[in-house]
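Me: I would like to learn how to read a fold from its model. Can we go through one together?

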Amino acid sequence: MSPVSQDSFPLTGRYAERNRSENLAGPGDSRPTGLQVIEDEGLLDGSWGADKVCLVTGVSAGIGPETVRALAATGATVYGTARDLDKARAALGQELLATGRVHVLLMDQVDLASVRSCAAEFRKHSNRLNVMVNNAAVRNSFLPLAPLAPIFYFSKIRSFLFNPRICLPITILESMKTNGRGIQVMNTPQSYTKDGFELQFGTNHLSHFLLFHELRDLLLASSTPDFHSRVVNVSSAAHKYSPLDLDDVNFTASPSTRPYDGWAAYGASKTANIYMTTQIERLFGGGHGSSGENGQQHEKKIHGYAVHPGSFVSPNLQKHSAAEMAAAHADPRFRKIFADVQQGCATSVYAAVSAALEGRGGLYLEGCSEAGPSPSGDGMENAVDYGHGNWAFDEALEKRLWERSLEWVGAAADHDVTSGTHQ
Ligand SMILES: NC(=O)c1ccc[n+]([C@@H]2O[C@H](COP(=O)([O-])OP(=O)(O)OC[C@H]3O[C@@H](n4cnc5c(N)ncnc54)[C@H](OP(=O)(O)O)[C@@H]3O)[C@@H](O)[C@H]2O)c1
């Protein structure tokens with residue numbers, strides 16, 4: 001049995017073949033690292049120069065610091081945001097900070113006021129912004145699982161066996177939720193941001209929406225004929241867990257029929273990441289799926305890219321799942337699907353720098369490749385297959401999310417979302 005469905009292989013691009021099941025061998029395999037992407041793009045010589053400016057959120061753990069490291073290797077100036085600056089500095093390391101081109105800014109993404117302050121602070125340092133990587137995320141999960149580890153292997157093993165490509169713990173945890181043993185791992189107490197939004201929606205989507213809103217003029221102003229500005233929204237294959245219910249992002253409308261479900265909320269926030277990406281492309285990039293035309297008069301443009309970074313061990317995001325990670329790593333079938341954080345940042349880096357993507361956006365990327373629709377569609381049990389879910393692109397919802405997000409962050413509607421243009 002192959003741990004990755006090969007029925008239909010929806011990835012295309014220079015790195016696509018490396019993601020085929022037979023080529024996967026776990027951390028350090030042939031899948032590129034972020035630095036490898038920089039080298040392959042011919043940018044390791046620092047040729048971007050310090051005038052090119054990148055901003056990466058969530059640089060205190062996981063792939064955030066590695067994304068900064070790779071982007072800084074282009075010679076660019078890179079700002080990283082974090083709610084804990086000491087943790088961020090430690091994660092980035094002295095060597096990177098000593099370049100003088102890597103800076104950290106305070107931003108707590110559970111607090112929209114903090115996002116505004118961060119954007120204002122950024123403006124004090126830079127009047128340019130070429131690449132924004134919205135990477136930070138929180139996962140409102142769970143619990144002391146180690147004593148329950150044996151159950152993982154006997155409960156609802158179907159998803160465990162057939163869908164191992166994403167974070168295995170997620171699959172297992174969901175199994176536990178539905179295994180009829182009364183183990184409820186998902187319905188943990190709901191948390192809210194300071195502004196009253198469900199924690200994952202508020203942190204993973206809304207704060208990034210506001211950050212973009214606050215800095216979009218710099219992205220537009222910095223766009224050049226050679227390099228249109230880019231927004232990289234780090235989503236997840238977990239977007240296939242759940243659509244986004246814009247009438248009930250807080251799961252409070254009907255507690256009896258739609259009780260809070262942390263994984264559904266995470267999936268919805270990751271669906272929102274893709275919707276925001278596509279709407280950026282529609283408003284600022286010339287349209288979803290647009291491509292630059294030869295001889296076309298250059299306009300200031302921003303392109304959006306949604307990224308699934310793959311499955312990697314992030315001590316932060318998966319801190320509640322140590323036993324499951326250990327179990328997954330012990331199994332050779334699953335060990336090979338995991339990457340390390342240097343590889344985990346590579347698709348974000350590819351989205352940020354790839355010449356092959358110049359002039360077009362509104363794309364869903366994974367494995368440093370363009371990904372089409374998943375052959376297996378949506379749903380948690382299908383989340384592990386390559387490709388985006390059925391609901392990942394929905395023009396009406398993308399526009400509505402944009403309108404609602406403007407309201408929620410208290411911003412004026414300065415875009416005509418109906419015609420798809422910005423003023
Ligand atoms: N890990 C995977 O296998 C996987 C798979 C698919 C998609 N992803 C996506 O990849 C991205 C990075 O994931 P990761 O695994 O590298 O995550 P991680 O290790 O948990 O890092 C997340 C980052 O977001 C920051 N963050 C969380 N809440 C914040 C807040 N309120 N204010 C400011 N910063 C906050 C964290 O800061 P603290 O250090 O202060 O907590 C940390 O820097 C996320 O968007 C995630 O959804 C990951």
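Reply: We take the overall content, then the sheet, its strands, the core and the helices.

Me: What kind of model is this, and how are residues numbered?
Reply: This is a predicted model: local features need pLDDT of at least 70, side-chain atom pairs count only at pLDDT 80 or more, and totals for chains, interfaces and linings use all residues. Numbering starts from 1 along each chain as its sequence is written.

Me: How many helices and strands are there?
Reply: Start with the definition. Helices (H or I, at least four residues) and strands (E, at least two) are DSSP runs, numbered from the N terminus. The protein has 15 helices and 11 strands.

Me: What share of the residues is buried?
Reply: Burial is a neighbour count. A residue is buried if 20 or more other C-beta atoms lie within 10 Å of its own, exposed if 12 or fewer, and partly exposed in between; the C-beta atoms are placed from the backbone. Of the 423 residues here, 53% count as buried.

Me: Is E121 buried, partly exposed or exposed?
Reply: E121 is partly exposed, because it has 15 C-beta neighbours inside 10 Å. Its place is in helix α5, residues 112-125.

Me: In what order do the strands of the sheet lie?
Reply: Pairing comes first. Two strands pair if DSSP finds at least two bridges between them. Here an open sheet of 9 strands has the order β1-β9-β8-β7-β6-β5-β2-β3-β4, with mixed pairing. The edge strands, β1 (11-12) and β4 (102-106), each pair on one side only.

Me: How many bridges join β6 and β7?
Reply: Strand β6 (residues 229-234) pairs with β7 over 6 bridges, in the parallel sense.

Me: Which strand does β7 join through 4 bridges?
Reply: That is strand β8 (residues 363-366), which runs parallel to β7. Y305 stands opposite L363 in this pair. Elsewhere in the sheet, 5 bridges join β2 (residues 53-57) to β3 (residues 77-82), also parallel. C54 has V78 as its bridge partner in β3.

Me: Which residues point to each side of β7?
Reply: In a regular strand the side chains alternate between the two faces of the sheet. In β7, I302, G304, A306 and H308 point one way, while H303, Y305 and V307 point the other way. All of these are buried. So what of β6? Both of its faces are covered: S229, V231 and N233 lie on one side, R230, V232 and V234 on the other, and all are buried.

Me: Which residues have the most contacts inside the largest nonpolar core?
Reply: A nonpolar core is a set of buried Ala, Val, Leu, Ile, Met, Phe, Trp, Tyr and Cys residues joined through C-beta atoms within 7 Å. The largest one has 99 residues, and those with the most contacts inside it are C54, L71, V78, V232, V349, A352 and L365. Helix α10 (residues 262-284) gives the largest share of this core, 12 residues.

Me: Which residues does V232 touch?
Reply: Two residues are in contact if their C-beta atoms, placed from the backbone, lie within 7 Å. Leaving out residues up to four places away in sequence, V232 touches V131, V133, N134, Y305, V307, S348, A351 and A352.

Me: Which strands does α14 lie across?Reply: Axes are lines fitted to C-alpha atoms, for helices over the stretch in contact, and angles run from 0 to 180 degrees between N-to-C directions. Helix α14 (residues 346-353) lies across β2, β5 (131-134), β6, β7 and β8, at about 160° to β6. Helix α10 lies across β6, β7 and β8, running at about 160° to β7.

Me: How are α10 and α15 placed relative to each other?
Reply: Two packed helices are described by the angle between their axes and the distance between the axes. The axes of α10 and α15 (residues 395-408) come within 9 Å and cross at roughly 95°. The two helices are therefore roughly perpendicular (65 to 115 degrees; under 35 is roughly parallel, over 145 roughly antiparallel, the rest oblique). A272, Y275, M276, T278 and Q279 in α10 meet L397, E398, K399, L401 and W402 in α15.
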